[in-house]
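Subject: Handing over a structure, with notes

Dear colleague,

I am passing this structure on to you, and I would be grateful if you could look through it with the notes that follow.

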Amino acid sequence: MRELKIDTTLFVFETESELPTDVIELMDAAKIARLNAHAPYSNFAVGAALLLDNNQVITGSNQENASYPSGLCAERTAIYYAGAKYPEAKILKIAIIAGSLKHKTLKPIPPCGACRQAIAEYEVKQSTPIEIYFMGVSGQVIKSNSLENLLPLIFDKSQL
Ligand code: THU
């Protein structure tokens, strides 16, 4: 056997103010979306905003359910709406802001595995990378130039 090393590269912005202007606006849209999170069970609120190549901004927040697995993350709420409403549009960027409603979350919160898989589906569908930015309620913002950097060895339709 031999070792297989996988490299990944992410970029760290110390504060939101270092972000490009369009990403600051996108993160602001994610912040507003986060206010509509329905998170009475986890008390963890997440907002996501997508910038499409038709200039539309689509937002989502996590929506929980008394039957826990029926809830959905903010990222997938937004992505599936974008796919349903603008099936021809490409997703250029995603901004995600997440944090506890009980304490101040200062570390960047990455999208969960299921959301990474959902983002992967659209990156493959559109054949162009999606920039992903994620943060806690304030502080550092992490950027990934593509979903591939967050989820190496993706499972996609080519394997079916
Ligand atoms: N959550 C998201 O909305 N996105 C993620 O990527 C991670 C988790 C939500 C799901 C659930 O409502 C709460 O955060 C706690 O897991």
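**Around the ligand**

The residues that surround the ligand are Ser42, Phe44, Val46, Asn62, Glu64, Cys73, Ala74, Glu75, Pro111 and Cys112. Please keep in mind throughout that this is a predicted model.

Asn62 brings a polar side-chain atom to 2.9 Å from an oxygen atom of the ligand, and Glu75 has a polar side-chain atom 2.7 Å from a ligand nitrogen atom. In Cys112 it is a polar backbone atom that takes part, at 2.8 Å from an oxygen atom of the ligand. Taken on its own, the ligand has 370 Å² of accessible area, and the protein covers 77% of that. As for its location, the ligand sits in the largest pocket, and the elements that contribute two or more residues to the shell around the ligand are strand 2 and helix 2, the latter spanning residues 74-85.

**Two residues of the shell**

Val46, one of the residues around the ligand, belongs to strand 2, which runs over residues 44-52. Is Val46 buried or exposed? Its relative accessible area is 9%, and Val46 therefore counts as buried, the limit for that term being under 20%. Between Val46 and Asp28, which stand 18 residues apart in sequence, the distance from C-alpha to C-alpha is 13 Å.

Cys112, in turn, is found in the loop that connects strand 4 (91-100) with helix 3. With a relative accessible area of 31%, Cys112 is partly exposed. Once residues up to four places away in sequence are left out, Cys112 touches Cys73 and Arg76. Glu75 is 37 residues from Cys112 along the chain, and the C-alpha atoms of the two are separated by 9.1 Å.

Arg34 is buried, with a relative accessible area of 16%. Where does a polar atom of the Arg34 side chain find the backbone oxygen of Ala45? The two atoms lie 2.7 Å from each other, while the C-alpha atoms of Arg34 and Ala45, eleven residues apart along the chain, are separated by 6.1 Å. Beyond four places in sequence, the residues that Arg34 touches are Ala45, Val46, Gly47, Ser61, Ile97, Ala98, Gly99, Ser100, Leu101 and Val137.

Ser144 is located in strand 6, which covers residues 141-144, and Ser144 is buried, with a relative accessible area of 0%. A polar atom of its side chain lies 2.5 Å from the backbone oxygen of Ser146. Not counting residues up to four places away in sequence, Ser144 touches Leu10, Ile130, Glu131, Ile132, Asn149 and Leu150.

Asn149, which is one of those partners, lies in the segment after strand 6 and is partly exposed, with a relative accessible area of 22%. With the same exclusion of residues up to four places away, Asn149 touches Thr8, Thr9, Leu10 and Ser144. Arg76 is 73 residues from Asn149 in sequence, and the two are 19 Å apart in space from C-alpha to C-alpha.

Most residues other than glycine have a negative phi, so two residues may deserve a look when you go through the backbone. Ser127 has a positive phi of about 60° although it is not a glycine; Ser127 is placed in the loop between helix 3 (113-126) and strand 5 (131-135), and is exposed, with a relative accessible area of 63%. In Leu153, likewise not a glycine, phi is positive and near 60°. Leu153 lies in the segment after strand 6 and is exposed, its relative accessible area being 71%.

With best wishes

Methods. Residues are numbered from 1 along each chain as its sequence is written. This is a predicted model: local features need pLDDT of at least 70, side-chain atom pairs count only at pLDDT 80 or more; totals for chains, interfaces and linings use all residues. Side-chain values use heavy atoms; hydrogens and water are left out. Helices (H or I, at least four residues) and strands (E, at least two) are DSSP runs, numbered from the N terminus. Buried means under 20% relative accessible area, exposed over 50%, partly exposed in between (1.4 Å probe, protein chains only). A polar contact is a pair of N or O atoms within 3.5 Å; within protein, one must be able to donate a hydrogen and the other to accept it, and residues adjacent in sequence count only if both atoms are side-chain atoms. Contact means heavy atoms within 4.5 Å. A residue is near a molecule or strand if one of its heavy atoms lies within 4 Å of it. Accessible areas come from the Shrake-Rupley method with a 1.4 Å probe; for residues, only the protein chains shown count as cover. On a 1 Å grid over the protein atoms alone, a cavity is a set of points where a 1.4 Å probe fits but cannot get out, and a pocket is an open set with protein on both sides within 12 Å along at least five of seven lines; lining residues have an atom within 4 Å of a point. A molecule sits in a cavity or pocket if more than half of its atoms lie within 2 Å of its grid points.
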